[in-house]
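Biologist: I'm new to this one, so please pick a single part and take me through it closely. Then show me how that part sits in the rest of the chain.

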Amino acid sequence: MTARIGQRLQDHEAFILGELFPLIMSYARISQTPNEVVMVTAFLHLAAMLKNFGLSCDTLLEAIDVTSLAMYHAPWGAH
């Protein structure tokens with residue numbers, strides 16, 4: 001399962017970076033909530049949805065551990 005997830009990351013990168021990430025950051029700014037709080041909240045809700053679809057917690061944690069997203073370590077303005 002995690003190999004399939006890893007292979008599909010690039011397929012949806014434009015959507016994540018071009019639409020979803022700006023939407024989350026915009027909501028954080030408008031609601032005057034720290035970016036990290038909104039990002040973690042969104043992540044937890046999406047993780048719960050994945051669990052409801054049958055993805056195990058172990059698989060989710062493994063997917064997080066094996067996913068290499070070095071670009072996310074860049075300063076916020078560099079994205």
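**A loop and the helix after it**

Modeller: Let's start at glutamine 32, which sits in the loop between α2 (13–31) and α3. Helices here are DSSP runs of H or I with at least four residues, strands are runs of E with at least two, and both are numbered from the N terminus. Bear in mind that this is a predicted model: local features need pLDDT of at least 70 and side-chain atom pairs count only at pLDDT 80 or more, while totals for chains, interfaces and linings use all residues. Residues are numbered from 1 along each chain as its sequence is written, and side-chain values use heavy atoms, leaving out hydrogens and water.

Back to glutamine 32: its phi is positive, near 55°, and it isn't a glycine. It counts as exposed because its relative accessibility is 75% (exposed is over 50%, buried under 20%, partly exposed in between, using a 1.4 Å probe and protein chains only).

Next comes α3, residues 35–52. With 18 residues at 1.5 Å each, α3 should span 26 Å, and its end C-alpha atoms are 26 Å apart, so the two agree (the expected span is 1.5 Å times one less than the number of residues). After α3 you meet glycine 54, with a positive phi near 110°.

Where pLDDT is low, the predicted coordinates should not be read in detail. The chain averages 82, and 75% of the residues score at least 70.

Now for the surface. Val40, Phe43, Leu44, Leu61 and Ile64 make a nonpolar patch of about 460 Å². Both α3 and α4 (57–66) give two or more residues to this patch, and α3 has the largest share, with three. Patch residues have over 30% relative accessible area and no salt bridge; like charges are joined within 9 Å and nonpolar side chains (Val, Leu, Ile, Met, Phe, Trp, Tyr) within 5 Å. A salt bridge puts a side-chain nitrogen of Lys or Arg within 4 Å of a carboxyl oxygen of Asp or Glu. Areas come from the Shrake-Rupley method with a 1.4 Å probe; for residues, only the protein chains shown count as cover. Isoleucine 64 lies in helix α4 and counts as partly exposed because its relative accessibility is 42%.

Zooming out, the chain has four helices and zero strands, and 13% of its 79 residues count as buried.

Notes: pLDDT = per-residue confidence, 0-100.
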